[in-house]
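Here is a short report for a first look at this structure.

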Amino acid sequence: MSGIVTFDGAPPPGTINLGIGQPSADLLPVDLVSQASRSFFDAAQPLELNYGVIQGDERFLHSLADLLGARYGTDATPDQLFVTGGNSQALDLVSCVFANPGDTVFVEEPSYFLAFQIFRDHGLNIVGIPVDDDGIRVDVLQRELKSHRPAFLYTIPSYHNPAGLCTSEARRRKVVELARQEDFLIVADEVYQMLYYYDAPPPAYGTMTASGKVVSLGSFSKILAPGMRLGWIQTSERLRSRILANGFVNSGGSINHISSHIVRQAIDNGTLESHIEKIRGTYRSRLEVMDSALHEHFDGIATWTRPGGGYFFWLNFDESVDTAPLRTKAKDLETGFQAGAAFSTTGSFSNCLRLCFAHYGEQDIRAGIARMRPLF
Ligand SMILES: Cc1ncc(COP(=O)(O)O)c(C=O)c1O
């Protein structure tokens with residue numbers, strides 16, 4: 001079974017598509033989920049199959065608070081937490097609750113391209129703020145705040161998708177200060193916060209909710225399995241009360257009640273923690289293999305900064321290179337990548353591309369990079 005991929009858009013057999021930003025089949029822990037499910041269902045009461053309470057099952061929120069306390073290094077309390085169906089669903093929800101059609105939202109340039117469509121679905125105008133090696137450019141943010149009043153800033157502070165970088169602690173604190181002064185919210189997509197392979201990243205925005213300006217999104221997609229469709233929002237009680245008044249939330253109750261029961265077992269019995277440690281080790285090796293394969297084939301042709309966590313390398317080529325049309329040729333060579341321009345609201349970064357080291361094992365990563373070399 002290993003090597004068989006069944007998700008939507010699986011590449012043709014034999015192709016190593018380094019554009020796919022998903023975990024590999026061998027890191028999806030069927031036994032862990034199966035054991036956690038059995039523990040839950042063996043003792044389940046009928047009422048546990050009813051609608052769950054709208055903010056999420058209290059026992060789950062307690063377990064999640066423990067996990068965040070251990071992983072983020074500061075206390076989290078259940079009344080700051082809200083269960084979600086993962087960060088994609090959370091982005092849709094925050095766009096509904098904290099913005100109105102016609103509002104402006106700021107995103108980083110580049111940013112997670114699938115978020116753009118979610119914001120557009122809600123009639124939001126998107127304005128890009130550039131990043132550098134230390135994360136979002138606060139000087140440009142300040143300048144743009146003179147001509148826009150954004151409903152929120154969408155940021156991916158740790159192990160950015162696609163740029164791989166971490167926003168420094170000083171910048172994070174400055175962004176919070178600006179949010180207070182200029183009255184906008186920070187929607188921090190912290191999906192890779194726990195996936196660090198060397199030093200820990202700066203504190204999550206989730207630890208800065210006392211500012212009243214932070215809505216931090218977390219997900220079990222990258223630390224357990226995307227198919228669980230489970231995540232959380234960490235925010236102030238006041239902002240959480242606005243989410244709790246949402247119509248969809250009130251109609252359906254806990255957004256993914258059964259998954260939250262299962263994940264609670266995995267948190268409480270320690271298997272989630274062990275799994276996170278295991279994948280951190282594997283991803284670190286894959287990252288190093290990709291870095292060395294890139295040095296072997298792309299030194300002098302592209303530049304990149306080796307990421308310290310997450311899933312992605314972001315390669316910069318000479319300005320004359322346009323990576324988008326090369327994707328067709330890459331298919332012929334049975335390899336693949338994501339073209340840079342997809343991550344821009346204005347079609348910038350056409351000379352860049354994103355590679356993911358999470359979806360394939362070390363041998364495939366080496367082969368995929370070698371196959372890509374003749375394109376440039
Ligand atoms: C930055 C970012 N946000 C959100 C998602 C999707 O998260 P989820 O699976 O929790 O919906 C991804 C997945 O690739 C991502 O990279």
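## Helix 10 and helix 12

Helix 10 (residues 271-298) and helix 12 (residues 362-372) have axes that come within 9 Å and cross at roughly 25°. The two helices are therefore roughly parallel to each other. Angles under 35 degrees count as roughly parallel, over 145 as roughly antiparallel, 65 to 115 as roughly perpendicular and the rest as oblique. Axes are lines fitted to C-alpha atoms, for helices over the stretch in contact, and angles run from 0 to 180 degrees between N-to-C directions. Helices (H or I, at least four residues) and strands (E, at least two) are DSSP runs, numbered from the N terminus.

Helix 10 passes helix 12 in a right-handed crossing. A crossing is right-handed if the near helix is turned clockwise from the far one by less than a right angle, and left-handed if anticlockwise. Ser285, Arg286, Val289, Met290, Ala293, Leu294 and His297 of helix 10 meet Glu362, Ile365, Arg366, Ile369 and Ala370 of helix 12. By class, this contact has seven nonpolar, two polar and three charged residues. Contact means C-beta atoms, placed from the backbone, within 7 Å. Ala, Val, Leu, Ile, Met, Phe, Trp, Tyr, Cys and Pro count as nonpolar, Asp, Glu, Lys and Arg as charged, and the others, Gly among them, as polar.

## Basis of the model

This is a predicted model: local features need pLDDT of at least 70, side-chain atom pairs count only at pLDDT 80 or more, and totals for chains, interfaces and linings use all residues. Residues are numbered from 1 along each chain as its sequence is written.

The axes of helix 2 (residues 58-72) and helix 9 (residues 257-268) come within 9 Å and cross at roughly 40°. Helix 2 and helix 9 are therefore oblique to each other. Their crossing is left-handed. In helix 2, Arg59, Phe60, Ser63, Leu64, Asp66 and Leu67 take part; their partners in helix 9 are Ser260, His261, Arg264, Ile267 and Asp268. Four of the contact residues are nonpolar, three polar and four charged.

Helix 3 (residues 87-97) packs against helix 4 (residues 113-121) at about 35°, with the axes 9 Å apart. Helix 3 passes helix 4 in a right-handed crossing. Ser88, Leu91, Asp92 and Ser95 of helix 3 face Ala115, Ile118 and Phe119 of helix 4 in the contact. The classes are four nonpolar, two polar and one charged.

Eight strands form an open sheet with mixed pairing, in the order 2-9-8-7-6-3-4-5. Strand 2 (81-84) and strand 5 (135-136) are at the edges, each with a single partner strand, so one side of each has no neighbour in the sheet. Two strands pair if DSSP finds at least two bridges between them. Strand 3 (residues 104-109) and strand 4 (residues 125-132) run parallel, joined by six bridges. Glu109 stands opposite Pro130 in strand 4.

Helix 3 lies across strands 2, 7, 8 and 9, running at about 155° to strand 8.

Four strands form an open antiparallel sheet, ordered 10-11-14-13. Its edges are strand 10 (302-303) and strand 13 (338-339). Two bridges join strand 13 to strand 14 (residues 352-356). Gln338 stands opposite Arg354 in strand 14.

## Around the ligand

The ligand is surrounded by 13 residues, and the closest are Gly86, Asn87, Ser88, Ser219 and Ser221. The shell has four nonpolar, eight polar and one charged residues.

Note on methods
Two residues are in contact if their C-beta atoms, placed from the backbone, lie within 7 Å. A residue is near a molecule or strand if its C-beta atom, placed from the backbone, lies within 6 Å of it.
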